[in-house]
Amino acid sequence: MNETIAAIATAHGLGSISIIRVSGQRALEIALAFTHKKELTPRYAHLCKIYKNNGEFLDEALVFYFKSPFSFTGEDVVEFHLHGGFALSEILLDELINSNIRLAQPGEFSKRACLNGKMDLLKAISTQELIMSKSASAASIIAKNLKGDLHKFLNTIRVDLVKTLAFVETSIDYADDDLPQDLLDQIILMCEKNSTLLSEIVDISLRKKGLIEGFKIAIIGKPNAGKSSLLNSLLAYDRAIVSNIAGTTRDRIEENLKIGSHLIKIIDTAGIRNTCDEIEKIGVNLSYESINEADIIIVVFDGSRKFDDEDEQILKALKNTDKKILYVLNKSDLEYKFDHEIKNSCIKICAKQSSSAIKDALNDYLNTLDGDDMLISNTLILNACKNASEAILRAKNLLIESSLELFAFELNLAIEEISKFTTKFERDEILEEMFSNFCLGK
């Protein structure tokens, strides 16, 4: 933490501006040395000539100085806003390193911000995920977390747990006296409420993770039903080989596209059928795996052929799934011979001509998943909420059994799980809560 660090803060490549950020005790010293200035006013944009260590002119750029603690990291920070390109920022960074400024490690600026109390871990994670978001829906969800909605939600639960723990730990010293029944009932209700809240946000986040990570859609059907033609139509270019030979697609093909504001990973699979070909068998097995992995399944039937055993095999494979399924009757340009009752539920298309009806159906469904639900996008936070929910539930059961010490142990675990991403849990909090109810002047 005593070292001054530097890194390029903008994406590598051609652009109008490239930013180099410097953070640490020597940040101002370095800025004055490279600009040949005697002083820089904090939080002002200074148009400066930038010079190398040997005095050679490098660029004319904006320089910003943020004095500690009023900066992103809480340390002295200087930003050089150079003209963009591949060379200038690399040259200046090399000059900084030659001045005994260390190259920052990935995430080190955010780490210093966390350690210096400028942000908690939850905000740091949300910031990184917002940068990495790949769709408008993902950015919208993560922005709510960055604004503080998730922090407020978790911290409200944390406050409830700390207050309850303080009271119960005080009561442990008077174990001969039973807790009043009304108070016992209140604590049990508090445990049930908060355990349920945490469990629900985990469940909703897992169900709707596609809004953040992108939805997986598997296209399945028997050979020659038109799966690859549909994939090519959705992508608007020929990604998969299409032929009249059954079993042309043997491996699964994955591609990304956007439908509306949603990111989609679409998977074209091998035709599902019984086969003696060992290579084709592997492809069929991958098709079944794709069904399990997918959030949405598009089942393609050949409308020019009668419903047969291979179609029946596919319907059986989907019998117990609770996933969203779109049934598609392909080859509408030919005479329809498909005679199963499911045809009334099918979207009728000719994949070689247009897939707009499929895109519209997908967009309509995906839009129903949008909403104001607060979601957790990070696996570590999800696991912490799950662990906390389970610990609170165990604590409630132990309280019913009058095991106050074990109740306190489980509540401690729950608080520590939540505190990883909000406010660090200190035992002093328990003392403060214990004594806050004493009489004034006592």
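The model is predicted: local features require pLDDT of at least 70, side-chain atom pairs count only at pLDDT 80 or more, and totals for chains, interfaces and linings use all residues. Residues are numbered from 1 along each chain as its sequence is written, and side-chain values use heavy atoms, with hydrogens and water left out.

**Overall make-up**
- The protein contains 15 helices and 12 strands, which are DSSP runs (helices H or I, at least four residues; strands E, at least two) numbered from the N terminus.
- Of the 442 residues, 46% are buried (under 20% relative accessible area, with a 1.4 Å probe and protein chains only).

**Helix α13**
- Helix α13 covers residues 379-400 and spans 32 Å from its first C-alpha to its last, close to the 32 Å expected at 1.5 Å a residue (1.5 Å times one less than its number of residues).
- Its buried residues include I381, L382, C385 and I392.
- At the N-terminal end, N378 caps α13 through a side-chain oxygen 2.9 Å from the backbone nitrogen of L380.
- S402, which follows α13, has a positive phi near 65 degrees.

**Largest pocket**
- The largest pocket holds about 580 Å³ of space.
- It is lined by 17 residues, of which G107, F109, S110, Q128 and I131 are the closest to its centre.
- Two or more lining residues come from each of β1 (5-8), α3 (108-115) and α4 (121-132).
- The most, 5 residues, come from α4.

Key
Buried < 20%, exposed > 50% of the residue type's maximum accessible area, 1.4 Å probe, protein only. Polar contact = N/O pair within 3.5 Å; in protein donor to acceptor, adjacent residues only side chain to side chain. 1 Å grid on protein atoms, 1.4 Å probe; cavity = no way out; pocket = protein on both sides within 12 Å on 5 of 7 lines; lining within 4 Å. Points joined across faces, edges and corners; volume = space filled by probe spheres on them.
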